[in-house]
Amino acid sequence: MSLPVDYIPVLIQVAVAFAFSVVTLIGSAMLGSRVHGKVKDDTFECGVAYEGDARSPFSIKYFLTAILFVLFDIEIIFFYPYALNVREFGVEGFLAVLTFISIFLIGFFYVVKRGALNWEK
């Protein structure tokens, strides 16, 4: 079984990425510090002494807002090819984009109705 010539650059890139990962892991283990204890394992944040535990609870609203931001950014990314080829897609492409927008608007109205964007609660 022979691979097509088009796959050779991909295989080379995978091999280089794998080799870089292995060399980095081995190099950091060999060259890294072997000192452990209170001073080495202590947290350091710009010279300011830390207070409390790092596992303080976060509001779920922060994560919901971040996920919604990413979701709507991805939606915009899908609009870009359509905007470039709007005339070539015709009515069928326009209806497909309207369907796409309506699905996202239904999701957006659901999120607003559930109060995911209300920070006052």
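Reader: Ok, in what order do the elements run from the N terminus?
Author: They go α-α-α-α. Keep in mind that this is a predicted model. The protein has 4 helices and 0 strands.

Reader: How many aromatic pairs turn up in the whole structure?
Author: A search finds 8 of them. Take Phe 72 and Phe 104: their ring centres are 6.1 Å apart and the planes sit at 55°, so this pair is tilted. Phe 72 is in helix α3 and Phe 104 in helix α4, so the pair ties together parts 32 residues apart in sequence.

Reader: Is Phe 104 buried or exposed?
Author: Phe 104 counts as buried, because its relative accessibility is 16% and the cut-off for buried is under 20%. Phe 72, at 25%, counts as partly exposed.

Reader: And what about Phe 79 and Phe 100?
Author: Those two form an edge-to-face pair, with 5.6 Å centre to centre and 85° between the planes. Phe 79 belongs to helix α3 and Phe 100 to helix α4, so here the linked parts are 21 residues apart in sequence.

Reader: Which residues do ring pairs link into a cluster?
Author: Phe 72, Phe 78, Phe 79, Phe 100, Phe 104, Phe 108 and Phe 109.

Reader: New topic: which residues form the nonpolar patch on the surface?
Author: Phe 58, Ile 60, Tyr 62, Phe 63, Leu 64 and Trp 119, with about 690 Å² of accessible area together. Leu 64 sits in helix α3 and counts as partly exposed at 33% relative accessibility.

Reader: How much of the protein is buried, then?
Author: Of its 121 residues, 9% count as buried.

Key: Residues are numbered from 1 along each chain as its sequence is written. This is a predicted model: local features need pLDDT of at least 70, side-chain atom pairs count only at pLDDT 80 or more; totals for chains, interfaces and linings use all residues. Side-chain values use heavy atoms; hydrogens and water are left out. Patches are made of residues with over 30% relative accessible area and no salt bridge: like charges are joined within 9 Å, nonpolar side chains (Val, Leu, Ile, Met, Phe, Trp, Tyr) within 5 Å. Accessible areas come from the Shrake-Rupley method with a 1.4 Å probe; for residues, only the protein chains shown count as cover. A salt bridge is a side-chain nitrogen of Lys or Arg within 4 Å of a carboxyl oxygen of Asp or Glu. Helices (H or I, at least four residues) and strands (E, at least two) are DSSP runs, numbered from the N terminus. Buried means under 20% relative accessible area, exposed over 50%, partly exposed in between (1.4 Å probe, protein chains only). Rings of Phe, Tyr and Trp (its six-membered ring) pair if their centres lie within 6.5 Å; planes under 30 degrees apart count as stacked, over 60 as edge-to-face and the rest as tilted.
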